[in-house]
Amino acid sequence: MLNLGAATLEKIVDIDPFVLPADLLLPGCDLRELANHADLLAPDHVDFAAPAILLSLHSFVLRIAGRIVLIDSCVGEDKPRPRRADWHQRKGTGYLDRLGAAGLTPADVDIVLCTHLHADHVGWNTKREDGRWVPTFPNARYVIGRRELDHWEAAEREAPGSHNHGAFADSVLPVIEAGLVERVDDGVSLFSGAEIVPLAGHSPGQIGLDLRSRDGHHALFCGDAIHSPVQVFRPHWSSRFCFDKAAAGRLRQSLLERAAEDDTLLLPAHLRGACGMRIVPDRDGFRPLMV
């Protein structure tokens, strides 16, 4: 558990490690360029021999001001994902048991924040019950960026079920139909000290949560703006799955610069081991310090 001033943070893991060939996740990258940083990157984040990138698929649970906020809901169970065997029709994963081990039931969650609507960020939004998809967190409001939701709703109208492994139909639409979704605009205050910020690039309307405490703690839940620590050393390496690779690279560079300047704790969605990273200047650019 990580203390963030008056808030606490912990991870609920769905899949770890989630291993992707380096050139699948980061097309054109050459991990040999980062051999001098192997002490930091291996073995938790990079398998240089494969070569592969090692990620974690997890939710953050933020306890703050009497609220329980779950940030990103991973892959889920029973979801038809035939193009990704390790996501397809999963059962008995233990995710909800791990939530229970953190002292929580799904009914305790007040807010589910979806940084964006890719399949590995929305899967546990719903669960299979009596042959239908129902909200996993029945008392929560599901907070989704307006631009992100508008984009995928339009895409679904044009080509239903062909996007994001079909996740909209089984993991997003049911919570909309249940009346639990809150569409938010950039700059909206989720609650005191927590502001929705725009992080478009990886997806058309990705959002983050900027958390500032009265005692000076500053953290940014930044979704897939950063996938791996390798991108701290090479900010221009954008993922194959980015909607706008150039914009994603520019955003990442800006986040790193700001984090180094004001000591912001960056909390990417897929970092293994640690919860987040502090960014310090390095002779080659930046270097992450795991927290």
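This is a predicted model: local features need pLDDT of at least 70, side-chain atom pairs count only at pLDDT 80 or more; totals for chains, interfaces and linings use all residues.

Reader: Fine. Which elements each supply at least two residues of the lining of the largest pocket?

Author: Strand S2 (7-21), strand S4 (52-64) and helix H4 (119-122).

Reader: What volume does the largest pocket have?

Author: About 470 Å³. Its lining is made up of 24 residues, and those closest to the centre are Trp87, His118, Asp120, His165 and Phe241.

Reader: How does that lining divide into nonpolar, polar and charged?

Author: Eleven residues of the lining of the largest pocket are nonpolar, nine are polar and four are charged.

Reader: You listed Trp87. What lies over its face?

Author: Arg84 does, at 5.7 Å from the ring centre of Trp87. There is also Lys79, whose charged end sits over the ring of Trp133, 4.8 Å from the centre of that ring.

Reader: Now the second largest pocket. How much space lies in it, and which residues are nearest its centre?

Author: The second largest pocket holds about 280 Å³. It has 16 lining residues, with Ile64, Ser192, Arg212, Ser213 and Arg214 nearest the centre. By class, seven of the lining residues are nonpolar, five polar and four charged.

Reader: Switching to rings. How many aromatic pairs are there?

Author: The count is three. One of them is Tyr95 with Trp124, a stacked pair with 4.9 Å between centres and 10° between the planes.

Reader: Why does that pair tie together separate parts of the sequence?

Author: Because Tyr95 is in helix H3 (residues 95-101) while Trp124 is in the loop between H4 and strand S7 (126-129), the pair links parts 29 residues apart in sequence.

Reader: Are Tyr95 and Trp124 buried or exposed?

Author: Buried means under 20% relative accessible area. Tyr95 has 0%, so Tyr95 is buried. Trp124 has 3%, so Trp124 is buried as well.

Reader: Last topic, helix H6. Which of its residues are buried?

Author: In H6 (residues 167-177) the buried residues are Ala167, Phe168, Asp170, Ser171, Val172, Pro174 and Val175.

Reader: And what do they pack against?

Author: The buried residues of H6 pack against H4, S7, strand S8 (132-135), strand S9 (141-145), helix H5 (146-158) and strand S10 (181-184).

Reader: Which residue takes a positive phi just after H6?

Author: Gly179, with a phi of about 75°.

Notes:
Residues are numbered from 1 along each chain as its sequence is written. Side-chain values use heavy atoms; hydrogens and water are left out. On a 1 Å grid over the protein atoms alone, a cavity is a set of points where a 1.4 Å probe fits but cannot get out, and a pocket is an open set with protein on both sides within 12 Å along at least five of seven lines; lining residues have an atom within 4 Å of a point. Grid points are joined across faces, edges and corners, and a volume is the space filled by probe spheres set on the points. Helices (H or I, at least four residues) and strands (E, at least two) are DSSP runs, numbered from the N terminus. Ala, Val, Leu, Ile, Met, Phe, Trp, Tyr, Cys and Pro count as nonpolar, Asp, Glu, Lys and Arg as charged, and the others, Gly among them, as polar. Rings of Phe, Tyr and Trp (its six-membered ring) pair if their centres lie within 6.5 Å; planes under 30 degrees apart count as stacked, over 60 as edge-to-face and the rest as tilted. Buried means under 20% relative accessible area, exposed over 50%, partly exposed in between (1.4 Å probe, protein chains only). A charge sits over a ring if NZ of Lys or CZ of Arg is within 6 Å of the ring centre and within 35 degrees of the ring normal. Contact means heavy atoms within 4.5 Å.
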